[in-house]
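Reader: I would like to learn how to read packing, pairing and contact between chains from a model. Could we work through an example together, one feature at a time?

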Amino acid sequence: MSDLDRAIEQLRGCRLIPESQVRELCYKARELLIEEGNVVSVDAPVTICGDIHGQFHDLMELFRVGGDVPDTNYLFMGDFVDRGFYSLESFLLLLCLKVRYPDRITLIRGNHESRQITTVYGFYDECIRKYGSANVWRYCCEVFDYLALGAIVLGASSVLEPTSSTALSSMPADSELETEVLNSRGDVTMSTYRPRQRSSSNASTDSRNISPPRDISAAPGQAAAPSRSGAPGTGASGDGNGSATTSRTGAVLCVHGGLSPLIDSVDKIRLIDRKQEVPHEGAMCDLLWSDPDEIEGWGLSPRGAGFLFGGDIVKQFNHLNGLSLVARAHQLVMEGYKEMFDGGIVTVWSAPNYCYRCGNVAAILELGEDASGGGTVARSNGEYGRSNGVVTDNRVISPGRRYRVFEAAAQDTRGMPAKKPVADYFL
Amino acid sequence: MATTCATVSPEAKKPNSITINGFRISTQKLPILKADPIEEMTRKLGIAPPEMIFGDNYVAIEHEKGNWGINFNAFDALDLVDKTGQSMLQVAYSAEWQKSREKTHEGIKEVVKPFDWSYSTDYKGTLLPNARPFEPTTKPIPIELLKRPDPILFFDEVILYEDELADNGITMLSCKIRVMPGRLLLLTRFFMRLDHVLIRLRDTRIYVEFATGEVIREYVSKECKYEKVRQMLAATRDDIPAFLRDPNRLSEILPLVEKRSERLVLGD
C-alpha cells in the first residue's frame, strides 16, 4: 500500500495526516493542477457536486450515495472549506483522491478557496487549531490558486436510463425520461418526461414506434453538419478526433458562481490568468461569485458588488456556446438543487443541514453517458463561427439529469453544536 | 420543467411549551423554508428573504386570561426591513469594484431591487390583535433578580433568520428564552457585522414577573463603525477575530444609539 493510499484511508476515517505529508501532497497536487486548463474537459458519465463546506461526515454520505472514487467520476464545484468543522479533513481527502485518481475527480475553485475568505470563515482558525501553525493553511492556499475555474462536460446523454423497470413501464407513451429525483435509499421520488425528440434532419425513428429511449437517442448522430466539427485549438474539442459526429445534447458548463458580463464565450474563460488570489473584481471574480436571478439582462447586486444575471443572459450564453446547461453551486437551496430558466441553469448544493442548523437536504447531479455517438463527443464550445447561425435550427437538448438527494449523515457528535441548547443565565 | 416536488420530510415537531402561573410559553424550531414558501414570502414581503430563513420558527408568550400575548417570528421582523434602498449599505470593496466596472460596463448600473440587504430590523415582537399595548416607562428590568441562580424550568434558543451577506460578514436574528419559577426573560437579538464597514446590535428584552403580571419590554440599539471597533480592540490582548464574532462581548463596547423601555401590568 502506497503512502498515498494510506493517507486516503486515514483521512476517510477523519484522521489528519502529518504536516510533512500535507506539504508533499500539496506540492504534488499543484504539479497536477498546473497542467489543467482554466476550463477542464470532462467526459460523461459524471456526478456533479456543489458546496461541501467542511462537512466531512456529509461528504462521506455523499460518496455512499453517489459511489466511491474511482468507481464514480466526480466533479466538485468548489467551496470545500469554511463553515463546517472538518474543512481540513474534507479538502485533504479530496486532494488525495485527485492526486491518486486524477482522471476520476475534478476540483474547481469556489469563492471560499481564497486566503481572504478562509481567514474570516473558519478554515484558517481550523488549521491553527489542528496543526498549531499557519503552515498547512499556506500550503492549501497555494493549491487553491491552481484550481481550475470551470469545467465542460461533454458527451452527456439527453435521456436518462430509468433507474428501475417500474419507472420504465410508467413512462408515458412517446416520451423519454428527462429528469429523475432519487432519495438516499435510491427510491425514485419524482420523474419528468418530455416528448420524444426527433433530430432536425427528421431521420429519427417512427415516433409511433415505442422503443426504449436508448434506441431513440441513437438517431441524431446523422443530424450533425460536418461544418461543426471542433475548430483546432479550442480546448473543448480536446479529444482532437475532429469527428463530425455530434451529440444532440449540448455541453454542460460547470462553474462555482455563474456568468460574467466580461465572458461571452467559454474560450474567454481560458484566457484568464487564474494563478492568483481570487480578485475582488473582473471575470475571475464574477465566475466565482455571481448569482442567477429572476431579472432581465444583467443587474448589480444591491450589496454594491457582484452581478446578477437573468434568464435571457443564460439562454444567449448557452446558445452561443453550444451549451445545454450551466451547472453551478454557491447558493443554499433547501431541496438540494434548483433549476431555473427552463432548465438552462441549475444550482447544486451538497452540504446537508448546512452549518449544522439549517435542516436542508443536499443533492448531487448525475449526467449519463451518451451511448449513441460511439465514443467521445466532439462538440466544441465557444468555437469561432458557432454564433453565426449555423446551429440555430438544430436546437440543443438538455442532458438527462438524475438528482440524488441525501440528508445529513448520522454522525459522531463530538465538537458539534448541541442539538438541545444548553440553558444559560443570559441577561 | 416542474421540479417543485420536494423530497424531504422535515420531522414534524410539536412546539415546545410550558405553562406557568397563567402564562404559556412556546417555541417552534423547524428547518429553513423550501422553495415554494420562500417564493410566497418574497411576494408578500416585496424583498428576497435572507439565505437562511426559518419561516416556521417562533417564540410566543401568552397570558391565559385577558387575551394578551406577544410572539417573535421571521416574517414580521423582515416586514420592518427597509424595502426602498434608502438605508442601503455597501460592502467594503464596493467602491473598488464599481470603479473597475465603469470602463467595461457602462450599461449595467441598475441595482436590481434595492433594499436593505443587511436585513436590519428594529422588530420588538408582534402583539396579539387587540392585546393591550405597552406604555413608556423608566423602570428598568430588575437585572439583580435575573442574576440569581434560580432553577431554569424551560430554555430554548430559536433562530429566525441568518444571512452570510455574500461572505461579507453576518446578519442574524435569534431569540433566547429562559423561564424560572418566578419570572422569565426573553432576548431577541439582531446582530449584523458587515466586515470593514459596520457592526450593529439591536436587543429586545421581554421580562415577565409572574406574581404581579408585570411585563417590561426594553429595546437597546448599539452600533459602531467596524474600523473603530478594531482600533478599540487593538490596544487589548484579545483575539480580535473571535471578539468580532461574539455579540455578547461586542455588546459591552459598542456605543448606545437608542434605548426604549415600555411596561404593562396584566390584571386578572
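Reader: At what angle do helix H1 and helix H4 of chain A pack, and how far apart are their axes?

Author: Bear in mind throughout that this is a predicted model. Helix H1 (residues 3–12) and helix H4 (residues 87–100) of chain A pack at an angle of about 150°, and their axes are 9 Å apart. Since angles over 145 degrees count as roughly antiparallel, this makes H1(A) roughly antiparallel to H4(A). As for the sense of the crossing, H1(A) passes H4(A) in a left-handed way.

Reader: Which residues make the contact between H1(A) and H4(A)?

Author: On H1(A) the contact is made by A:Leu4, A:Ala7, A:Ile8, A:Leu11 and A:Arg12, while H4(A) contributes residues including A:Leu92, A:Leu93, A:Cys96 and A:Leu97. Sorted by class, this contact has 9 nonpolar and 3 charged residues, with no polar ones.

Reader: Turning to sheets, in what order do the strands of the 6-stranded sheet of chain A lie, and which strands stand at the edges?

Author: The sheet is open, its order is E1-E5-E8-E12-E14-E13 (chain A), and its pairing is mixed. To find the edges, look for strands with a single partner: strand E1 (39–43) and E13 of chain A are in this position, so one side of each is left without a neighbour in the sheet. Neighbouring strands are turned by 20° against each other on average, with direction ignored.

Reader: In what sense do E8 and E12 of chain A pair, and what lies across E12?

Author: Strand E8 (residues 251–255) and strand E12 (residues 323–328) of chain A pair in the parallel sense over 4 bridges, and A:Ala251 has A:Leu323 in E12(A) as its bridge partner. Helix H12 (residues 311–320) of chain A lies across E12, E13 and strand E14 (345–348) of chain A, and it runs at about 125° to E12(A).

Reader: Which strands pair with E10(B), and in what sense?

Author: Strand E9 (residues 169–179) of chain B is joined to E10(B) by 11 bridges and runs antiparallel to it, with B:Cys175 facing B:Thr188 as its bridge partner. E10(B) also pairs with strand E11 (residues 198–209) of chain B, in the antiparallel sense over 12 bridges, where B:Phe190 has B:Arg202 as its partner. E9(B) and E10(B) form a hairpin with 3 residues between them; E10(B) and E11(B) form a hairpin with 3 residues between them, and B:His196 in that turn has a positive phi of about 65°.

Reader: How many residues of chain A and chain B are in contact?

Author: Contact between the chains involves 42 residues of chain A and 50 residues of chain B. Helix H5 (115–120), strand E7 (188–195), strand E10 (298–300) and strand E13 (337–340) of chain A each supply at least two residues of the side of chain A that touches chain B. By class, that side has 22 nonpolar, 12 polar and 8 charged residues.

Key:
Residues numbered from 1 in each chain as written. Chains lettered and ligands numbered in written order. Predicted model: local features only at pLDDT ≥ 70, side-chain atom pairs only at ≥ 80, totals over all residues. Contact = placed C-beta atoms within 7 Å. Nonpolar A, V, L, I, M, F, W, Y, C, P; charged D, E, K, R; others polar. Pairing = 2+ DSSP bridges. Axes fitted to C-alpha atoms, helices over the stretch in contact; angles between N-to-C directions. Parallel < 35°, antiparallel > 145°, perpendicular 65-115°, else oblique. Left-handed = near helix turned anticlockwise from the far one by under 90°.
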